[in-house]
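Below are some notes for a colleague who has not looked at this structure before. Please read them with the model open.

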Amino acid sequence: MIDPTGRRTVTFANPIFCAVDRPDVTGAASLARSLDGLVGGIKLGLEFVTANGPDGVRKVAAAGLPIFLDLKFHDIPNTVAGAVRSSMDLGTAMLTLHASGGPAMMRAAAEAAGSAEKRPWVLAVTVLTSLDGADLEATGVASDPMAQAVRLARLAAECGLDGAVCSPREIAAIRAACGPGFKLVVPGIRPAGTAAGDQKRVMTAAEALGAGADVLVIGRPITEAADPRAAAAAIGAGIGA
Ligand SMILES: O=C(O)c1cc(=O)[nH]c(=O)n1[C@@H]1O[C@H](COP(=O)(O)O)[C@@H](O)[C@H]1O
């Protein structure tokens, strides 16, 4: 990400990014303000941006926390490059595209984002955490999630991307394949004993951080808690954040 002096920073003091998956800008901005000091940033994705557009992103960003823009671009190279350029004005810390869009698309996205020293982290989503081996097979992918995630992350690194989004289970293997500077942003985080919901490849925050995650993406365990501040604080305490 870029700090206010224009230098690229390499870590976040608090690795937790809260996924604010809701359609209302007032509630999202209010939640972001209330989580200040308890999380390292806010992730805004398809539900929020489809409802509120870039102005909505700016309103949540006004809370002061870094923003992860998670729109998972997946299209032909020219279209994805244009979407990346359009997102640059928002000054977000990270953005996503699907690695399965292929090498030309990833190279075009990296180039469109600008200098690697100053741009947001451009991240390749590898294998969604909601998928298992049977789901991959149903879509014609012969590899298991581990092999496919490592393959896609390595391809993303070769194409000049800054990191990957992966499940906690693949962190160690991708780290070994792509090196220590390749950012690993990890959803599929669940406190022990809580419902996985639609997630299939999960671990706790402490396990994921111990395996080498740079950023933990955590949504419903915080946003659907009776007291989101307390939930974020408890998860943070569990990882010493
Ligand atoms: O790109 C992502 O952030 C992402 C990739 C992935 O493979 N799995 C995944 O769950 N996510 C996002 O991470 C968040 C997880 O939310 P919870 O399952 O509520 O913690 C959601 O906003 C998803 O869109």
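1. A residue counts as buried if 20 or more other C-beta atoms lie within 10 Å of its own, as exposed if 12 or fewer do, and as partly exposed in between, with C-beta atoms placed from the backbone. The model is predicted: local features need pLDDT of at least 70, side-chain atom pairs count only at pLDDT 80 or more, and totals for chains, interfaces and linings use all residues. Residues are numbered from 1 along each chain as its sequence is written.

2. Lysine 72 is partly exposed, because 16 other C-beta atoms lie within 10 Å. Aspartate 70 is buried, with 24 such atoms within 10 Å. Aspartate 70 lies in strand S3, and lysine 72 is also placed in strand S3. Helices (H or I, at least four residues) and strands (E, at least two) are DSSP runs, numbered from the N terminus.

3. Two residues are in contact if their C-beta atoms, placed from the backbone, lie within 7 Å. Leaving aside neighbours within four places in sequence, aspartate 70 is in contact with Lys43, Leu44, Gly45 and Thr96. With residues up to four places away likewise not counted, lysine 72 touches Thr96, Leu97, His98 and Val125.

4. The UniProt annotation "active site", from an unreviewed entry, covers Asp70, Lys72 and Asp75. UniProt positions are given in the numbering used here, feature names are shortened, and annotations may be inferred rather than shown by experiment.

5. The ligand is surrounded by 19 residues, the closest being Ala19, Thr129, Pro187, Gly219 and Arg220; a residue is near a molecule if its C-beta atom, placed from the backbone, lies within 6 Å of it. Strand S3 (67–73), strand S8 (215–218) and helix H9 (220–223) each supply at least two residues of this shell.

6. The chain has 10 helices and 8 strands. Buried residues make up 44% of its 241 residues. Of the contacts with a separation of 6 or more, 68% are between residues 24 or more positions apart. The C-alpha trace spans about 40 × 40 × 30 Å along its principal axes.

7. In helix H10 (residues 228–238) the buried residues are Ala231, Ala232 and Ile235. Seen down the axis of H10, they fall within an arc of 95°, so they line one face of the helix; the arc is that of the directions from the helix axis to the C-beta atoms. On the other side of H10, Ala230 and Ala237 are exposed. The buried residues of H10 pack against strand S1 (16–19), helix H1 (25–35), helix H8 (205–211), S8 and H9.
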